[in-house]
Amino acid sequence: MKKVLQFGLNGLAALILSQAVAFAQDAAAPKVAVAAAYMDELIDTAEFIGKGEAIDKVDIIARVGGFVEEVLVEDGQFVKKGDVLYRIEDDTYSATLAAREADLAQAHANLHLSEVELARKEELFERQVGTEADRDVAYANNQVAIAGVQIAEAAVRMAQLDVDYTEVHAPFDGRVGRTTASVGELVGPSSPPLINLVRLAPIYVEFSLTERQLMNIMEQFDATIAEVGNNPRTPDVFVVLPNGEELDEAGRVVFADNRIDPMTGTITIRAQFENKRGFIVDGSFLTVRVEDPEPREVLMIPQASVQRDQRGDFVLVVGQQGTVEQRYVTLGRQVETAVVVEDGMREGEAVIVEGLQRVRPGVAVDAVLAGTSKEE
């Protein structure tokens with residue numbers, strides 16, 4: 001009876017085992033969609049935080065004291081170089097100028113008189129009628145008269161400058177801010193600025209590079225720091241405006257500072273933009289994008305294939321035997337729906353982009369092509 005029971009149990013176990021093997025053989029491998037890693041040309045870019053910096057900007061102050069007689073500029077107005085912005089009452093300065101001009105006329109009269117006297121004394125001395133001392137005194141008086149004319153002329157120029165400074169002119173083309181002076185207000189060199197003026201175009205955008213980025217640029221262009229801003233092969237510079245739109249013009253690097261800031265380990269770079277539409281404003285913060293002048297070959301895979309755990313980024317690769325392998329990779333920048341692989345993969349290897357949740361490393365899969373990641 002025991003032998004029969006033992007035989008029955010053994011047979012049942014064998015039957016169950018054979019059914020499990022048959023089921024495993026008949027079960028289909030999980031289907032996944034794969035895409036091949038491919039090579040593509042990519043222009044490397046780097047992004048920085050930059051700031052708009054006007055090439056010319058100035059706080060305009062009154063160079064002489066007096067009451068404001070006219071305000072000839074409106075807040076926010078565009079002005080040209082030489083335009084009159086303010087007039088200061090000039091009565092006192094005009095009177096002073098007239099007095100200095102009278103002094104000059106008197107100095108010229110004194111000079112003429114001294115010249116006549118010197119000529120007479122020289123003639124008497126030559127005729128041996130006058131003394132040498134008289135001639136020397138006349139000569140000295142003539143030199144004093146010459147100096148008097150020079151002093152009077154300088155005084156006239158100073159008085160004329162004061163009169164001229166009663167008109168406040170724009171030193172360059174640009175746009176003014178808000179005026180702080182009103183008609184009848186007393187202003188002077190020690191008063192607050194009357195108004196500020198900023199040149200809008202062209203304009204600078206300043207940003208900072210790390211020491212490593214600077215060294216890479218210097219090596220790439222075989223240039224010193226001073227030559228970085230004067231090299232026609234330096235990369236183009238683009239800016240993204242505060243509203244998120246990219247400016248439709250490229251800038252060029254025109255200056256690199258002569259030292260690295262020890263506090264930040266960065267060096268200031270200045271790019272110049274034509275700013276034809278005036279979208280870059282002095283003091284505005286912008287995103288600066290620097291592009292390499294020549295593209296490089298890079299390996300790319302779909303972003304959908306990338307996963308991440310505590311060790312870092314990884315992908316699931318389908319090998320030649322149809323089994324799944326977990327591969328840790330070093331990634332670069334993302335370009336639309338693809339990402340650059342700096343290390344960890346080779347061209348042509350297949351990564352799983354769909355069905356990731358149904359597989360694990362070591363299992364066999366039924367891989368189908370999801371479509372090339374690069375359009376043919």
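User: Which residue in strand 23 is the bridge partner of V317?

Analyst: V351 is the bridge partner of V317. This is a predicted model, where local features need pLDDT of at least 70 and side-chain atom pairs count only at pLDDT 80 or more, while totals for chains, interfaces and linings use all residues. Residues are numbered from 1 along each chain as its sequence is written, and side-chain values use heavy atoms, with hydrogens and water left out.

User: What makes strands 19 and 23 a pair?

Analyst: Two strands pair if DSSP finds at least two bridges between them. Strand 19 (residues 312–318) and strand 23 are joined by two bridges and run antiparallel, so they pair by that rule. The strands themselves are DSSP runs of E with at least two residues, helices are runs of H or I with at least four, and both are numbered from the N terminus.

User: And strand 1, how many bridges does it share with strand 23?

Analyst: Four, with strand 1 (residues 31–36) also antiparallel to strand 23.

User: What makes strand 23 mostly covered?

Analyst: Buried means under 20% relative accessible area, exposed means over 50%, and partly exposed is in between (1.4 Å probe, protein chains only). In strand 23 (residues 350–354), four of the five residues are buried.

User: Why does N275 count as buried?

Analyst: Its relative accessibility is 2%, so N275 counts as buried. You'll find N275 in the loop between strand 15 (266–273) and strand 16 (285–291).

User: What does N275 touch, leaving aside its neighbours within four places in sequence?

Analyst: With contact meaning heavy atoms within 4.5 Å, N275 meets L200, A201, I203, E249 and I280. Its side chain also reaches the backbone oxygen of L200 at 2.8 Å. A201, one of those contacts, is joined to P202 by a cis peptide bond, with omega about -5 degrees. P202 belongs to the loop between strand 11 (195–198) and strand 12 (203–210).

User: What makes the phi of Q128 worth a look?

Analyst: Most residues other than glycine have a negative phi, and most peptide bonds are trans. Q128 is not a glycine, yet its phi is positive, about 60 degrees. Q128 is found in the loop between helix 2 and helix 3, and at 73% relative accessibility it counts as exposed. E336 is not a glycine either and has a positive phi of about 55 degrees. E336 lies in the loop between strand 21 (330–335) and strand 22 (338–343), and its relative accessible area of 73% makes it exposed.

User: How do you know that the span of helix 2 is close to the expected one?

Analyst: The expected span is 1.5 Å times one less than the number of residues. Helix 2 (residues 91–126) has 36 residues and reaches 53 Å from first C-alpha to last, close to the 52 Å expected. Its buried residues include Y93, L97, L104, A107 and L111, and the buried residues of helix 2 pack against helix 3 (132–164). An α-helix has 3.6 residues a turn, so residues three or four places apart point the same way.

User: Why is the F48 and F207 pair called stacked?

Analyst: Rings of Phe, Tyr and Trp (its six-membered ring) pair if their centres lie within 6.5 Å; planes under 30 degrees apart are stacked, over 60 edge-to-face, the rest tilted. For F48 and F207 the centres are 5.5 Å apart and the planes at 25 degrees, so the pair is stacked. F48 is in strand 3 (residues 45–54) and F207 in strand 12, 159 residues apart. F48 is buried at 11% relative accessible area, and F207 is buried at 4%.

User: How do you know that R311 sits over the ring of Y328?

Analyst: The rule asks for NZ of Lys or CZ of Arg within 6 Å of the ring centre and within 35 degrees of the ring normal. The charged end of R311 is over the ring of Y328, 3.9 Å from its centre. R175 does likewise over the ring of F78, at 5.9 Å from its centre.

Methods: A polar contact is a pair of N or O atoms within 3.5 Å; within protein, one must be able to donate a hydrogen and the other to accept it, and residues adjacent in sequence count only if both atoms are side-chain atoms.
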